[in-house]
Amino acid sequence: MAGVAAIKTIFVQGPVPGLRLLLVILLSAVLIVADARFDKLTSVRSVIGTGLAPVHWFGNAPYELQNWIEGLFTTRDDLLAENEDLNARLLILERRALKYAALASENNELRRLMNSSEVLDDRVIVGEIVGVSPDPFSHEVIINKGSRDGVTVGQAILDAHGLMGQVQQTSSFTSRVLLVSDSSHAVPVEVVRNGLRAILLGNGDINALELVHVPDTADIREGDLLVSSGLGGRFPKGYPVAEVENITKESGEPFVNIEATPKARLNQSRLVLVVFSPEGEVDEDGNEHGQGQPAVGIETDPDEVR
């Protein structure tokens, strides 16, 4: 009987469980309001992201270990074939570099004549995707470049084929990237063929985007290439974003329904480019980018790597 009494005493100690639940709900509500209305938890998320960096590294370790093991068993014939392929690609890139050098020289001369900036290319650093958001309703990835590399919120992220998204959150060693396919993402774009401007929205489908508010009289066709227009100052101008896949019109509606396919390989690419604004350029939030960043000038061409 004494044991039973002791057990009862233990279970009746402390606050009522309902009161604990109420306190937790109130604390959660306060944190949500503080973050949504006053943006007070940005530094906390950054610290947590820095602390979770080893988790991302350990999560990426099996892939690196697999590559290392596969490298141990690579045959001589495989190495020779890979070397031959790389030499062929090198020759192609060298030929293109010669062509681009001539174009760059001509372009710089035109810029001098127009008394404009002599900056030819956007400056970028190469990063690697080390994590993917497990939330099926959120299209986000994590890259291994953070604030110590000069990465800031809002910077554009590319792969070898087109625009992937933008940096949403940074920590010291990693950054969280929101992909263009996320339902909360929008990109100002224009049609290469005629300069028609519109807004490209993500809809939660990794393989499809939506072009919205396009009048039924607009000159747009299936197969048209959509590139970033540069409006708003968030994304650099002229990078491929998507290709018009399907155009449908409902009777009586003033706008057409346009579906586009993203150019970037959102669920396949592993290496990405973090784009820095030219030195002295100020973005829409009044922040200056490109000053003293450890970036290297790399020219991206959607047809460069296949």
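Mentor: Two strands count as paired if DSSP finds at least two bridges between them. Keep in mind that this model is predicted.

Trainee: In S4, which residue is the bridge partner of Ala 156?
Mentor: Strand S3 covers residues 156-158, and its pairing with S4 is antiparallel, over 3 bridges. Strand S4 spans residues 163-170. Within S4, the partner that bridges to Ala 156 is Gln 166.

Trainee: How many residues does the hairpin that joins S3 to S4 run through?
Mentor: S3 and S4 are antiparallel partners. The hairpin that joins S3 to S4 passes through a stretch whose count is 4 residues.

Trainee: In S5, what is the bridge partner of Gln 169?
Mentor: S4 also pairs with strand S5, residues 175-179, in the antiparallel sense over 5 bridges. These two strands form a hairpin with 4 residues between them. Gln 169 has as its bridge partner in S5 the residue Arg 176.

Trainee: Is strand S4 mostly covered or mostly open, and how many of its residues are buried?
Mentor: A residue is buried when its relative accessible area is under 20%. Strand S4 is mostly covered by that test, since the number of its 8 residues that are buried is 6.

Trainee: In S11, which residue is the bridge partner of Asn 246?
Mentor: Strand S10 has residues 240-248 and strand S11 has residues 257-262; they are antiparallel and share 6 bridges. One of the bridges links Ile 247 with Ile 258. Another links Asn 246 to its partner in S11, Glu 259.

Trainee: In S10, which residue does Val 227 stand opposite?
Mentor: Strand S9, residues 225-228, runs antiparallel to S10, and 3 bridges join them. Across from Val 227, the residue in S10 is Pro 240.

Trainee: Is His 213 buried or exposed?
Mentor: His 213 sits in the loop between strand S8 (209-212) and S9. Its phi is near 60°, a positive value in a residue other than glycine. Most residues other than glycine have a negative phi. With a relative accessible area of 64%, His 213 is exposed.

Trainee: What separates the C-alpha atoms of Asp 205 and Ser 183?
Mentor: Asp 205 lies in the loop between strand S7 (197-202) and S8. Leaving aside neighbours within four places in sequence, Asp 205 is in contact with His 139 and Ser 181. Asp 205 is partly exposed, with a relative accessible area of 35%. Asp 205 and Ser 183 are 22 residues apart along the chain, and their C-alpha atoms are separated by 8.3 Å.

Trainee: What accessible area do Leu 65, Trp 68, Ile 69, Leu 72 and Phe 73 have together?
Mentor: One of these residues, Trp 68, is placed in helix H4, residues 53-72. Trp 68 is exposed because its relative accessible area is 54%, over the 50% limit. The five residues form a nonpolar patch on the surface, and their accessible area together is about 590 Å².

Trainee: What percentage of the residues of the protein chain count as buried?
Mentor: The accessible surface of the protein chain is about 18900 Å², and 59% of it belongs to carbon and sulfur atoms. The protein chain has 306 residues, and the share that counts as buried is 32%.

Trainee: Among contacts between residues at least 6 apart in sequence, what percentage join residues at least 24 apart?
Mentor: Two residues are in contact when heavy atoms lie within 4.5 Å. For contacts in the protein chain between residues at least 6 apart in sequence, the part joining residues at least 24 apart is 56%.

Methods. Residues are numbered from 1 along each chain as its sequence is written. This is a predicted model: local features need pLDDT of at least 70, side-chain atom pairs count only at pLDDT 80 or more; totals for chains, interfaces and linings use all residues. Side-chain values use heavy atoms; hydrogens and water are left out. Buried means under 20% relative accessible area, exposed over 50%, partly exposed in between (1.4 Å probe, protein chains only). Accessible areas come from the Shrake-Rupley method with a 1.4 Å probe; for residues, only the protein chains shown count as cover. Patches are made of residues with over 30% relative accessible area and no salt bridge: like charges are joined within 9 Å, nonpolar side chains (Val, Leu, Ile, Met, Phe, Trp, Tyr) within 5 Å. A salt bridge is a side-chain nitrogen of Lys or Arg within 4 Å of a carboxyl oxygen of Asp or Glu.
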